[in-house]
Amino acid sequence: MDAVDATVEKLRAQCLSRGASGIQGLARFFRRLDRDRSLSLDAGELQRGLAELGLALGTAEAEGVCRRWDRDGSGALDLEEFLRALRPPMSQAREAVIAAAFAKLDRSGDGVVTVEDLRGVYSGRTHPKVQSGQWTEEEVLRRFLDNFDSSQDGQVTLAEFQDYYSGVSASMDSDEEFVAMMTSAWRL
């Protein structure tokens with residue numbers, strides 16, 4: 001385990017020790033640290049913030065954390081990038097139920113979910129905005145898909161679906177609770 005991984009583990013442990021609101025509380029904390037209101041944290045802001053939490057990092061270490069977690073290459077961490085790094089790994093039971101829900105949506109079996117796949121599983125005809133004429137059924141399905149589509153390319157991969165549910169998973173204490181929620185929500 002390198003220094004960046006060790007820092008993540010310390011910070012994750014601190015979040016979990018704060019209970020269910022730990023990650024939400026951390027989100028509020030990092031918004032407060034975003035002194036320039038750029039909606040991201042540079043290495044200096046991150047270093048100061050972690051020091052306030054009792055995790056002192058050197059400049060090189062803070063820069064290393066930023067590089068490791070910076071998924072969009074901006075040179076800074078947006079809140080989602082930071083929280084994604086802090087989410088605890090999911091158990092096999094959680095990963096399996098997420099994969100089952102994804103498989104239900106992926107009607108074509110090609111490893112990506114599109115609006116066309118959704119048409120085979122769900123109907124948007126009864127959505128209030130379709131009923132009122134504000135949206136088409138296509139728009140309802142597209143907007144639903146957009147919840148999971150982090151790349152906004154009109155397709156949802158299993159990785160994007162898992163990423164979405166890792167955030168939900170982090171707020172649920174037991175595997176049984178998470179599996180029951182997924183089973184009910186996706187009618188598995």
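**Asn 147 and its setting**

Asn 147 sits in the loop that runs between α9 (137–146) and β4 (156–157). Keep in mind as you look around that this is a predicted model. Here is a quick tour, from this one residue out to the whole chain.

**Around Asn 147**
- The side chain of Asn 147 reaches back to the backbone oxygen of Arg 143, at 3.4 Å.
- A polar atom of that Asn 147 side chain also lies 3.1 Å from the backbone oxygen of Phe 144.
- Tyr 164 is 17 residues away from Asn 147 in sequence, and the C-alpha atoms of these two residues are 8.1 Å apart in space.

**Domains**
- The protein chain is split into domain 1, covering 3–86, and domain 2, covering 92–186.

**EF-hand annotation**
- According to the UniProt record, an unreviewed entry, "domain: EF-hand" covers residues 21–56, 57–92, 93–128 and 136–171.
- Residues 57–92, one of these annotated stretches, are 56% helix and 6% strand, with 33 Å between the end C-alpha atoms.
- Residues 93–128, another of the annotated stretches, are 53% helix and 6% strand, and here the end C-alpha atoms lie 35 Å apart.

Key
Residues numbered from 1 in each chain as written. Predicted model: local features only at pLDDT ≥ 70, side-chain atom pairs only at ≥ 80, totals over all residues. Heavy atoms only, no water. Helix = DSSP H or I, 4+ residues; strand = E, 2+ residues; numbered from the N terminus. Polar contact = N/O pair within 3.5 Å; in protein donor to acceptor, adjacent residues only side chain to side chain. Domains from an automatic or database assignment. UniProt positions renumbered as here; feature names shortened; annotations may be inferred.
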